[in-house]
Amino acid sequence: MPNIVVLVKQVPDTNAKIVVNGGRVDLSSVKMVMSPYDEFAVETALKHKEAAGGEVTALTVGGNGAEKILKDAKAIGVDHIVRVDAEGEMDSNALQSVLANAVAELGGEVVYCGKSAADTGAGSTGPGLAERMGWTSVSNIIGASFDGGVSVVMPSGGGNAKVSVPLPAVISCDKGDLKVRKPNVKGIMQAKRASVDVRSIEVPASTVSVVNHALPPAKPAGKSYEGGAAAAEVAQLLRDEANVL
Amino acid sequence: MTQTIVIAEMNSNAVHPSTAELVSAAITLGAEPTLVVPCTDAGQASGAANMGAANIIAAKSDAFAHYDASAWATALDAVVPQGTIVTGASPQSKDMAARLAARRGISVVQDAVAIDGDQITSPVYSGKAMQTVAIGGPAVVSVRSNVFSPAQGGASDVAVLDTTGDVATSVQEFMARASERLDVSEANIIISGGRGMGSPDNFSELEAIADTIGAAVGASRAAVDTWDAIPHSMQVGQTGKTVNPNLYIAVGISGAIQHLAGMRSSKYIVAINKDADAPIFQHADYGIVATWEDALPVLHSSLKGIMG
């Protein structure tokens with residue numbers, strides 16, 4: 001029965017307005033939530049457990065504030081919640097090193113994560129962690145089945161491919177057609193009482209450092225028209241002015 | 001000067017033209033980029049000629065027949081020189097970039113849209129902010145397409161190096177896409193519909209225009225969530241695909257922050273919406289306040305005339 005780990009990350013609500021102060025993004029008044037793709041990872045991890053048994057541990061790296069998303073994961077059915085106590089900027093190398101040590105400590109045999117986090121959008125963690133563990137990885141999966149081993153559906157060439165994945169593996173999840181389960185009252189009560197297993201793991205130095213954040217350059221006002229007939233002029237401008245046809 | 005290496009972007013066993021943009025980005029980071037072409041047959045590397053690289057290596061292995069992250073990282077690591085590595089920023093290339101970086105114990109910076117010395121700028125928070133980082137040594141950098149101008153000239157001779165990687169995953173079956181149409185993640189022109197289209201049947205109007213101009217058809221999350229006939233694979237936005245085409249035509253899409261996150265970096269944006277206050281108009285180069293019923297027939301016949 002597999003020991004399943006799911007990585008979750010706290011990010012600003014995707015509808016939040018992002019403010020920059022003094023060259024750094026200021027998140028002090030932003031609501032923090034579980035990164036949307038991580039919700040698909042939690043759902044897939046729970047489906048794996050339902051099919052194959054075992055236990056699911058949700059793992060995050062962060063300060064105290066990051067425990068809310070662990071409770072959210074607990075409320076929908078993960079068995080254990082673990083936080084590696086570390087704050088501040090980490091480059092991909094430092095973060096993956098911390099996660100690799102944590103997954104090894106937990107004895108994980110399969111790791112699920114979102115295809116990317118909604119803040120960085122990088123998508124480096126899943127494949128990078130797998131490489132460090134010497135494991136297989138598949139990314140951007142849009143479906144998974146657990147009928148005698150793990151099979152996933154992922155984009156390939158011009159279509160999709162059904163791929164069997166030998167464990168141990170890191171599987172990073174896109175949305176697909178998955179419906180994410182909602183917590184019930186019992187789950188919420190259990191999550192309230194649950195205690196977070198806090199671990200301390202050494203963070204290696206980062207070689208990539210943030211210089212600054214800035215808002216994207218404002219786009220100059222475009223041309224505006226009233227009425228459908230203007231589409232003829234716009235079509236001509238796409239050829240003559242924008243040069244994109 | 002840092003040694004730089006470009007991993008060619010491949011499409012159907014051929015070097016994708018956007019590879020010349022990656023060479024251009026690598027020249028900004030250091031000098032004399034080496035272009036490495038992952039291939040199963042050295043002939044597939046011929047397209048790498050005159051893309052501005054100082055030399056070209058065909059990395060030849062059966063492992064490159066289809067994408068397996070572990071096998072690709074192993075096979076590339078064996079033949080790619082030490083230094084800073086530049087890759088494309090397609091989902092597969094970003095995945096490979098992360099794996100290759102981890103294999104070498106160096107860091108990865110994804111989705112670069114600007115490079116200045118050792119400083120690299122990428123969009124974060126779905127494009128709501130830009131982040132500039134400094135790389136303090138060799139790194140792997142994935143670069144968005146349609147940002148750097150393609151490099152030209154340089155090497156045309158190809159050195160062939162055999163390499164190997166163990167493929168762990170196995171493909172049980174390939175499933176062709178339901179439609180022959182281009183995927184939004186591959187298209188240079190995209191026409192997308194939102195809930196303002198009224199019904200999924202009306203997407204046929206968008207498809208007709210797409211066929212005229214060689215576009216892919218996309219959709220907003222609202223459309224995908226509302227109508228089962230519009231699959232998630234068409235969704236552009238934060239929980240769908242991030243696209244960067246030359247032209248993005250948004251029809252009946254209000255421009256929720258969720259949608260903007262996936263398409264705001266498009267080079268030109270056309271918006272057609274009956275609501276003059278729709279947020280999409282603030283991001284449009286050409287905004288038409290009209291119903292799609294009024295605008296699309298005119299647009300289609302004009303485009304037919306222009307495309308000849």
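In which hand does H2(B) pass H3(B) in their crossing? I began with this question, keeping in mind that the model is predicted, and I found that H2(B) passes H3(B) in a right-handed crossing.

**Entry on the helix pair in chain B**

I looked up the geometry of this pair, and helix H2 (residues 69-79) of chain B packs against helix H3 (residues 91-104) of chain B at an angle of about 55 degrees, with the axes 9 Å apart. That angle makes H2(B) oblique to H3(B). On the side of H2(B), I noted that the contact is made by B:Ala69, B:Trp72, B:Ala73, B:Leu76 and B:Asp77, and on the side of H3(B) by B:Asp95, B:Met96, B:Arg99, B:Leu100, B:Arg103 and B:Arg104. When I sorted the contact of H2(B) with H3(B) by class, I found 6 nonpolar and 5 charged residues, and no polar ones.

**Entry on chain B as a whole**

I then stepped back to the chain, in which there are 7 helices and 18 strands. Its radius of gyration is 21 Å, close to the 19 Å that the globule rule gives for 308 residues, so chain B is as compact as a globular protein of that length. I recorded the span of the C-alpha trace of chain B along its principal axes as about 60 × 40 × 35 Å. Of the 308 residues of chain B, 59% count as buried, and among contacts between residues at least 6 apart in sequence, 63% join residues at least 24 apart.

**Entry on positive phi in chain B**

I looked next at two loop residues. B:Asn13, which is not a glycine, has a positive phi of about 60 degrees, and I located B:Asn13 in the loop between strand S2 (10-11) and strand S3 (14-15) of chain B. B:Tyr125, also a residue other than glycine, has a positive phi near 50 degrees and lies in the loop between strand S9 (119-124) and strand S10 (129-135) of chain B. Is B:Tyr125 buried or exposed? I found 25 C-beta neighbours inside 10 Å, so B:Tyr125 counts as buried, whereas B:Asn13 is partly exposed, with 13 other C-beta atoms within 10 Å.

**Entry on the helix pair in chain A**

From H3(A), I listed A:Ser92, A:Leu95, A:Gln96, A:Ser97, A:Leu99, A:Ala100 and A:Val103 as making the contact, and from H4(A), A:Thr125, A:Gly128, A:Leu129, A:Arg132 and A:Met133. By class, the contact of H3(A) with H4(A) has 6 nonpolar, 5 polar and 1 charged residues.

I then checked helix H2 (residues 67-75) of chain A, where A:Ile69, A:Leu70, A:Asp72, A:Ala73, A:Lys74 and A:Ala75 are buried. What covers the buried residues of H2(A) includes strands S2 (10-12), S5 (32-34), S6 (55-62) and S7 (80-85) of chain A, together with helices H1 (36-52) and H5 (185-193) of chain A. After H2(A) I came to A:Gly77, which has a positive phi near 125 degrees.

Last, I noted a cis peptide bond that joins A:Leu167 and A:Pro168, with omega at about 5 degrees; A:Pro168 is found in the loop between strand S12 (159-165) and strand S13 (169-173) of chain A.

Conventions: Residues are numbered from 1 along each chain as its sequence is written. Chains are lettered from A and ligands numbered from 1 in the order in which they are written. This is a predicted model: local features need pLDDT of at least 70, side-chain atom pairs count only at pLDDT 80 or more; totals for chains, interfaces and linings use all residues. A residue is buried if 20 or more other C-beta atoms lie within 10 Å of its own, exposed if 12 or fewer, and partly exposed in between; C-beta atoms are placed from the backbone. Helices (H or I, at least four residues) and strands (E, at least two) are DSSP runs, numbered from the N terminus. Two residues are in contact if their C-beta atoms, placed from the backbone, lie within 7 Å. Axes are lines fitted to C-alpha atoms, for helices over the stretch in contact, and angles run from 0 to 180 degrees between N-to-C directions. Angles under 35 degrees count as roughly parallel, over 145 as roughly antiparallel, 65 to 115 as roughly perpendicular and the rest as oblique. A crossing is left-handed if the near helix is turned anticlockwise from the far one by less than a right angle, and right-handed if clockwise. Ala, Val, Leu, Ile, Met, Phe, Trp, Tyr, Cys and Pro count as nonpolar, Asp, Glu, Lys and Arg as charged, and the others, Gly among them, as polar. The radius of gyration is taken over C-alpha atoms; the globule rule is 2.2 Å times the number of residues to the power 0.38.
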